[in-house]
Amino acid sequence: MSASLLVEMFEKLPELRPGDDEDLWAAGVHDAMGAFRASVRTRYTEGTLQRVLASADVKARRAAALALGFVGTMDSNPVLAAALADRDVLVQKFSADALWEVWFRAGTPDQNWRLRGAARNPDAATARAELDALAREAPAFAEVFNQRAIWYFKRGEFARAVEDCEATLRLNPFHFGAAAGLGQCLAKLGKPRGAIRAFRTALDINPVLEHLHDTIRQLERTLDRSGE
């Protein structure tokens, strides 16, 4: 299946321009996105989309990154992570969004459904119990540990969040969210050197996280004042 057809399908979507309100765009594109998703699933394999993501044609790369968010598996994890450094901001955005989708469906369908439910559950005790159960049941499912790290962080349990961020990165070294989260936890624990290393890791994976440069500079100033 050619990349030109994928681009043709992609161009039927309302255009998203850098700086547009993404929520408004997503709301307006709902029906067209459903048609795009259905067409991709019937006409393209994951391997073909991975190859198109390396195309010289920027529209083809945008379309492939978006499509992999619908059909990609963890096999696409390194390919999408590499696309985070693309010159085009929309390829970067669609690749980052696709990675989160891929990470959340790296288990069985039942595990994926339960993880999404736990991540959204407003009842902290129920969410924690489900995350603990999933961690025991699916110890290779990296996003389970990342979501539990977020749970710990929100409750000020930074040392335990560090453990789960590190577990996430061992299972998925492309997880820029866990790397950035690790940096936040270490900063809260008064470990600026470790926080800087973690934030730099997040930037190495995803250069788009430009706000982390300011965070790193602030931590470096803290070290300078302390004389360490």
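What covers the buried residues of helix α11 includes α10 (142-154) and α12; here buried means under 20% relative accessible area, exposed means over 50%, and partly exposed lies in between (1.4 Å probe, protein chains only). The model is a predicted one, in which local features need pLDDT of at least 70, side-chain atom pairs count only at pLDDT 80 or more, and totals for chains, interfaces and linings use all residues. Residues are numbered from 1 along each chain as its sequence is written, and side-chain values use heavy atoms, with hydrogens and water left out.

**Overall fold**

- The chain has 14 helices and zero strands, where helices (H or I, at least four residues) and strands (E, at least two) are DSSP runs numbered from the N terminus.
- Its radius of gyration is 19 Å, close to the 17 Å that the globule rule gives for 228 residues, so the chain is as compact as a globular protein of that length. The radius is taken over C-alpha atoms, and the rule is 2.2 Å times the number of residues to the power 0.38.
- Along its principal axes, the C-alpha trace spans about 60 × 40 × 30 Å.
- Of the 228 residues, 47% count as buried.
- Among contacts between residues at least 6 apart in sequence, 58% join residues at least 24 apart; a contact means heavy atoms within 4.5 Å.

**Surface and charge**

- The accessible surface of the chain comes to about 11,800 Å², and 52% of this belongs to carbon and sulfur atoms. Such areas come from the Shrake-Rupley method with a 1.4 Å probe, and for residues only the protein chains shown count as cover.
- The chain carries 30 positive and 31 negative charges, whose mean positions are 2 Å apart. Lys and Arg count as positive and Asp and Glu as negative, while His and the chain ends are not counted. Each charge is placed at NZ of Lys, CZ of Arg, CG of Asp or CD of Glu.

- Helix α7 (residues 89-104) has 16 residues and reaches 23 Å from its first C-alpha to its last, close to the 22 Å expected at 1.5 Å a residue. The expected span is 1.5 Å times one less than the number of residues.
- This helix is mostly covered, with 12 of its 16 residues buried; among them are L90, F94, A98, W103 and F104.
- S95 lies in α7 and is buried, with a relative accessible area of 0%.
- Beyond its neighbours within four places in sequence, S95 is in contact with A65, L80, A83 and L84.

- L115 is buried, at a relative accessible area of 0%, whereas R116 counts as partly exposed at 29% relative accessibility.
- For R116 and F104, 12 residues apart along the chain, the C-alpha separation is 7.3 Å.
- Not counting residues up to four places away in sequence, L115 touches F104, L131, L134, F141, E143, V144 and Q147.
- With neighbours within four places left aside, R116 is in contact with E101 and F104.

- The 14 residues of α11 (residues 158-171) should span 20 Å at 1.5 Å a residue, and its end C-alpha atoms are 20 Å apart, which agrees.
- F158, A161, V162, D164, C165, A167, T168 and L169 are the buried residues of α11.
- L169, found in α11, is buried with a relative accessible area of 18%.
- Leaving out residues up to four places away in sequence, L169 touches H175, A178, A179 and L182. The buried residues of α12 include A178, A179 and L182.
- L169 and R193 are 24 residues apart in sequence and 18 Å apart in space, C-alpha to C-alpha.
- Helix α12 (residues 176-188) has 13 residues and reaches 19 Å between its first and last C-alpha, close to the 18 Å expected at 1.5 Å a residue.
- Just after α12, G190 takes a positive phi of about 75°.

**Helix α3: A38**

- A38 is found in helix α3 (residues 30-43) and is partly exposed, with a relative accessible area of 42%.
- A38 and F70 are 32 residues apart along the chain, and their C-alpha atoms are separated by 9.3 Å.
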